[in-house]
Amino acid sequence: MDDLRQKYLSAIAAAGDEDALEVLRLAAVGKKGEISLKMRELGRMSPEERRKVGPKLNALKDEINAALAAKKAALADAALEERLAGEWLDVTLPGRPRPQGSVHPISQVTEEIIAIFADLGFAVAEGPQIETDWYNFDALNIPPHHPARQEFDTFYMHRDAGDERAPHVLRTHTSPVQIRAMEKHGAPIRVIAPGRVYRSDYDQTHTPMFHQVEGLAIDRDISMANLKWVLEEFCRAFFEVDEVELRFRASHFPFTEPSAEVDLRCSWQGGQLKVGEGDDWMEILGSGMVHPKVLQAAGVDPDAWQGFAFGLGIDRLAMLKYGIPDLRAFFDSDLRWLRHYGFGALQVPSLHGGLSG
Ligand code: PHE
């Protein structure tokens, strides 16, 4: 009996998991276990022998059962400890930073411009970047052999010989959206159209793709005075200064009559741009009263309606406002540049919250 006791108690102590423990339980006190078999032998013993051996066997069985239960509990505790150790989490550790993108200055400035014109009652309109030459030129009073077609350095879409489809271009300006918006909504109308435009040109201040915002306001009695006020309001809001001075220079565009290019008074003292003071003038946009032929092409009666249009360069405004010297860097996708000049995703421009965030 001592041998049995020794054997099982040490085996139980050494058991590594609950399965091993169960094997031991069956071997010792299961139906056919060694101790159960011994108990069955009691029946064949004399009464004295039975009185002597019985209690000892029972005590041994109890001891083994107790050892099994204790070991089982210990194994369960150890398993729980191990799980707790494995799943332990130090909530006091600092958060792991995730790589963060930034909002491109062009996107930011576009949102700023939209916020300002939305406040002035302009809705946003859009048009395709691949345009028919009718929308890009003809409808804007630029007939096929007009010199302005050459001035634009237009990208034409490839056409195979025998392909009779109308010529398509990468739009050279956002002005075709004037036509599309008037065709769709008629008059009166007040829209701006931000977007990409393309010209075959490349140097420090020109890239083959850049961005414009078109503005269009048509009603019964809209005049150049309204244009001037809208542009002044825009510049005040955009450059976040109280006083701006604009200079209207007579100019020529086929789609406006009269036409004006607009300059902004500024100073470049110490390489720092200040808007509204100084003796320099910076051209920021082209504008004018929409030509009657343009209204007509878009299905708006020029005897009943009139209004102004303007087109300004977004990239140019972004360079000026945020002191970015080279236009080409905008489109190099250099991560260091993007981190330096980019905006946080939560710096959403709004008139009440501050445009530049
Ligand atoms: N479309 C002209 C350009 O790209 C700008 C412009 C727009 C001028 C609207 C007058 C009216 O240069």
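Reader: Where does Ser333 lie?

Author: Ser333 sits in the loop between helix 11 and helix 12. This is a predicted model.

Reader: Why is Ser333 called exposed?

Author: Exposed means over 50% relative accessible area. Ser333 has 58%, so Ser333 is exposed.

Reader: What makes the phi of Ser333 worth a remark?

Author: Most residues other than glycine have a negative phi. Ser333 is not a glycine, yet its phi is positive, near 55 degrees.

Reader: Which loop holds Glu240, and what is its phi?

Author: Glu240 is in the loop between helix 9 and strand 6 (246–253). Its phi is positive, about 55 degrees, and Glu240 is not a glycine either.

Reader: What makes a set of residues a nonpolar core?

Author: The members are buried nonpolar residues, joined through side-chain atoms within 4.5 Å. The largest nonpolar core here has 46 residues. Ile113, Phe117, Phe234, Leu264, Ile284 and Phe308 touch the most other members.

Reader: Which elements supply this core with at least two residues each?

Author: They include helix 5 (105–119), strand 5 (209–219), helix 9 (224–239) and strand 7 (256–267). Strand 9 (280–290), strand 10 (306–313), helix 11 (314–322) and helix 12 (335–341) are also on the list.

Reader: What does Ile284 touch?

Author: Leaving out residues up to four places away in sequence, Ile284 touches Cys235, Leu246, Val262, Leu264, Leu312, Gly313, Leu317 and Leu320.

Reader: Why is Thr154 called buried?

Author: Buried means under 20% relative accessible area. Thr154 has 15%, so it counts as buried. Thr154 is in the loop between helix 7 (147–151) and strand 3 (168–170). With residues up to four places away set aside, it touches Phe137, Arg149, Val169, Leu170 and Thr172.

Reader: Is His173 buried or exposed, and how do you know?

Author: The cut-off for buried is again under 20%. His173 has a relative accessible area of 3%, so it is buried. Its place is the loop between strand 3 and helix 8. Beyond its neighbours within four places, its contacts include Asn136, Phe152, Arg199 and Phe255.

Reader: How far is His173 from Leu60 in space?

Author: They are 99 Å apart, C-alpha to C-alpha, and 113 residues apart in sequence.

Reader: Why is Glu126 called exposed?

Author: Its relative accessibility is 68%, and exposed means over 50%, so Glu126 counts as exposed. Glu126 is in the loop between strand 1 (123–124) and strand 2 (130–132). Glu126 and Arg180 are 54 residues apart in sequence but 8.4 Å apart in space, C-alpha to C-alpha.

Reader: What makes the bond between Ala187 and Pro188 a cis peptide bond?

Author: Its omega is about 0 degrees. Most peptide bonds are trans. Pro188 is in the loop between helix 8 (176–185) and strand 4 (189–198). Another cis peptide bond joins Glu257 and Pro258, with omega about -5 degrees. Pro258 is in strand 7.

Reader: Why is the protein chain called more spread out than a compact globule?

Author: The chain has 12 helices and 10 strands. Its radius of gyration is 43 Å, while the globule rule gives 21 Å for 357 residues. The value is well over the rule, so the chain is more spread out than a compact globule. Its C-alpha atoms fill a box of roughly 135 × 60 × 40 Å along the principal axes.

Definitions and conventions
Residues are numbered from 1 along each chain as its sequence is written. This is a predicted model: local features need pLDDT of at least 70, side-chain atom pairs count only at pLDDT 80 or more; totals for chains, interfaces and linings use all residues. Side-chain values use heavy atoms; hydrogens and water are left out. Buried means under 20% relative accessible area, exposed over 50%, partly exposed in between (1.4 Å probe, protein chains only). Helices (H or I, at least four residues) and strands (E, at least two) are DSSP runs, numbered from the N terminus. Contact means heavy atoms within 4.5 Å. The radius of gyration is taken over C-alpha atoms; the globule rule is 2.2 Å times the number of residues to the power 0.38.
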